[in-house]
Amino acid sequence: MIQVRNLSFSYTKKPFIQDMTFSVSEGEIFGFLGPSGAGKSTLQGIIMDWCQ
């Protein structure tokens, strides 16, 4: 299970990801959808770094 609560991230003083909350249950298929530059890869990187 993955739980993300109130995640915020910024490269600069301007927030890039702000107050993101979601959960993924065991066995659930989950994907990220959004336009280029929306933060999909950044979010995946943050989650992977945290899990190590």
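Me: What does the side chain of threonine 42 make a polar contact with?
Reply: The side chain of tyrosine 11, with 3.3 Å for the contact. Keep in mind that this is a predicted model.

Me: OK. And where is threonine 42 found?
Reply: In helix 1.

Me: Is threonine 42 buried or exposed?
Reply: Buried, because its relative accessibility is 16% and the cut-off for buried is under 20%.

Me: Which residues does threonine 42 touch, leaving out those up to four places away in sequence?
Reply: Phe9, Tyr11, Phe16 and Ile17.

Me: Aromatics, then. How many aromatic pairs turn up in the whole structure?
Reply: Five, from a search of the whole structure. One of them is phenylalanine 22 with phenylalanine 32, at 6.3 Å centre to centre and 85° between the planes.

Me: Is that pair stacked or edge-to-face, and why?
Reply: Edge-to-face, because the planes are 85° apart and anything over 60 degrees counts that way.

Me: Buried or partly exposed, for phenylalanine 22 and phenylalanine 32?
Reply: One of each. Phenylalanine 22 counts as buried at 16% relative accessibility, while phenylalanine 32 is partly exposed with a relative accessible area of 26%.

Me: Zooming out, what pattern does the protein chain follow along the sequence?
Reply: β-β-α, with one helix and two strands.

Me: What percentage of the residues count as buried?
Reply: 17% of the 52 residues in the protein chain. The accessible surface of the chain comes to about 4500 Å², and carbon and sulfur atoms hold 54% of that.

Me: And what box do the C-alpha atoms fill?
Reply: Roughly 35 × 25 × 20 Å, taken along the principal axes.

Me: What share of the contacts with a separation of 6 or more comes from residues 24 or more positions apart?
Reply: 25%, for the protein chain.

Conventions: Residues are numbered from 1 along each chain as its sequence is written. This is a predicted model: local features need pLDDT of at least 70, side-chain atom pairs count only at pLDDT 80 or more; totals for chains, interfaces and linings use all residues. Side-chain values use heavy atoms; hydrogens and water are left out. Rings of Phe, Tyr and Trp (its six-membered ring) pair if their centres lie within 6.5 Å; planes under 30 degrees apart count as stacked, over 60 as edge-to-face and the rest as tilted. Buried means under 20% relative accessible area, exposed over 50%, partly exposed in between (1.4 Å probe, protein chains only). Helices (H or I, at least four residues) and strands (E, at least two) are DSSP runs, numbered from the N terminus. A polar contact is a pair of N or O atoms within 3.5 Å; within protein, one must be able to donate a hydrogen and the other to accept it, and residues adjacent in sequence count only if both atoms are side-chain atoms. Contact means heavy atoms within 4.5 Å. Accessible areas come from the Shrake-Rupley method with a 1.4 Å probe; for residues, only the protein chains shown count as cover.
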